Amino acid sequence: MLPMYILGIETSCDETAAAVVADDRRILSNVVLSQLDEHRPYGGVVPEIAARAHLDHLDGIIGQAMDEAGIGFDALDGIAATGGPGLIGGVMVGVMTAKAIAAVHSLPFLAINHLEGHALSARLTDAPDFPYLLLLVSGGHCQLLAVEGVGDYVRLGGTIDDAIGEAFDKTAKLLGLGYPGGPVLETAAVSGDPNRFALPRPLAHRPGCDFSFSGLKTAVRHAAAKLPGKTLSPGDAIDLAASFQATVGDILVDRCRNALESYVQAYPDAAPLLVAAGGVAANQHLRNCLSELCENRQARLIIPPPELCTDNAAMIAWAGIEHLHNGTSDGLDFAPRPRWPLDESRGTTA
Ligand code: KG4
Ligand code: ZN
């Protein structure tokens, strides 16, 4: 049987991305244009600037993805675009573009939940069966879920305040490390002392799978304020970065340990498998922490390569393939969704 090819489009935050993926798991192209320069002067993503930049660049990025894949639109079997959640202006640009291509070429259109793109990315790289335990760690989310199937998610816990990526971004800003926060903090932490500052681990050793990061961020600010001098020295900043990152690692391990226990009880017949996904899962220290935990617990661990953890369109194309395999697609009347919880079918309304 001939492989199925899907064009994926991702525009929900500050990456303009397009990719062509085959259902035999080949990534024919995966183009990502980051809008770092546009947002750097503001120290964070400005929604209006992001939407305009997506509008300016998306057609060119799609053209590049199709050229690199070496196929024409007539060879495609569907067009998948992030339909939410995210910055609504950007999502609208991606959805409208995808609908137009789908209409012109008479192809199925698939509106993909961005979080589902992250959630299923491990199936693109490593083809695990369902169920698996998912740690979803990104700029706007921090959740633990049991993934029972495509579109079938059971939430075990989530953050009660800041998202984990947000904690990285705000802490990097506070330490004067620059933008984008996660990657610059990780780079700074490499040469810092992770044991110099004792920072709190909110909710540690408590039952459950919820997270909290706002107290940690505040503790970094207080630790910085207590240091002599009006400005942080570079040495202090990298030690604080390393201490913060080490603490986040401890928090993830503590919460994932509980989640693995609940997961094993709920799915006694499934071999324990933890999948991590989302931009923060690109962090090497956190990958190492999860790897050690899974080794101790005799659980398998899958974390896609860093370029498939941070936002990309290959994961959107793959989620589109999973939906097409299940025989589902979306109408051209689909309305972009700023909010779209992953476990919605289970009755969550938040
Ligand atoms: O999944 P993603 O690319 O976009 C969202 O869906 O939010 O995640 C972006 C988040 C940002 O907060 C960014 O700082 C963080 O992921 N991030 C990292 C690293 N790379 C990206 N955090 C820690 N270490 C990294 N290497
Ligand atoms: Zn994302």
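Is K217 buried or exposed? K217 counts as buried, at 13% relative accessibility. Buried means under 20% relative accessible area, exposed over 50%, and partly exposed in between (1.4 Å probe, protein chains only). The model is predicted: local features need pLDDT of at least 70 and side-chain atom pairs pLDDT 80 or more, while totals for chains, interfaces and linings use all residues. Residues are numbered from 1 along each chain as its sequence is written, chains are lettered from A and ligands numbered from 1 in the order in which they are written, and side-chain values use heavy atoms, with hydrogens and water left out.

**View 1**
Helix α7 covers residues 214–226; helices (H or I, at least four residues) and strands (E, at least two) are DSSP runs, numbered from the N terminus. The 13 residues of α7 should span 18 Å at 1.5 Å a residue, and the end C-alpha atoms are 19 Å apart, which agrees. The expected span is 1.5 Å times one less than the number of residues. Buried in α7 are L216, K217, A219, V220, A223 and A224. These residues cover an arc of only 160° around the axis, which puts them on the same side of α7; the arc is that of the directions from the helix axis to the C-beta atoms. An α-helix has 3.6 residues a turn, so residues three or four places apart point the same way. The buried residues of α7 pack against α5 (164–174) and α8 (234–266), where contact means heavy atoms within 4.5 Å. Exposed residues A225 and K226 sit on the face of α7 turned away from its buried side.

**View 1. The salt bridge between D162 and K217.**
A salt bridge is a side-chain nitrogen of Lys or Arg within 4 Å of a carboxyl oxygen of Asp or Glu. The whole structure holds 12 salt bridges. One of them joins the side chains of D162 and K217, at 2.6 Å from N to O. D162 lies in the loop between β8 (152–158) and α5, and K217 in helix α7, so the pair ties together parts that are 55 residues apart in sequence. D162 is buried, with a relative accessible area of 9%.

**View 3**
R257 and D254 form a salt bridge whose closest N and O atoms are 3.8 Å apart. Both residues lie in α8, 3 residues apart, about one turn of the helix. R257 is partly exposed at 28% relative accessible area, whereas D254 is buried at 7%. E261 forms a salt bridge with R297, with the closest N and O atoms 3.1 Å apart. This pair links distant parts of the chain: E261 is in helix α8 and R297 in the loop between α9 (284–296) and β10 (300–302), 36 residues apart. E261 is partly exposed, with a relative accessible area of 42%, and R297 is partly exposed at 36%.

Helix α11 (residues 314–325) has 12 residues, which should span 16 Å at 1.5 Å a residue; its end C-alpha atoms are 16 Å apart, which agrees. Of the 12 residues, 11 are buried, so α11 is largely enclosed by the rest of the structure. Among the buried residues are M315, W318, E322 and H323. Just after α11, G327 has a positive phi of about 80°.

**View 2. Backbone exceptions in loops.**
Most residues other than glycine have a negative phi, and most peptide bonds are trans. G84 and P85 are joined by a cis peptide bond, with omega about -15°; P85 is in the loop between β4 (78–84) and α3. Y179 and P180 are also joined by a cis peptide bond, with omega about 0°, and P180 is in the loop between α5 and α6 (181–190). H205, in the loop between α6 and α7, has a positive phi near 65° and is exposed at 74% relative accessible area. Q298 is not a glycine but has a positive phi of about 55°. The loop between α9 and β10 contains Q298, which counts as exposed at 67% relative accessibility.
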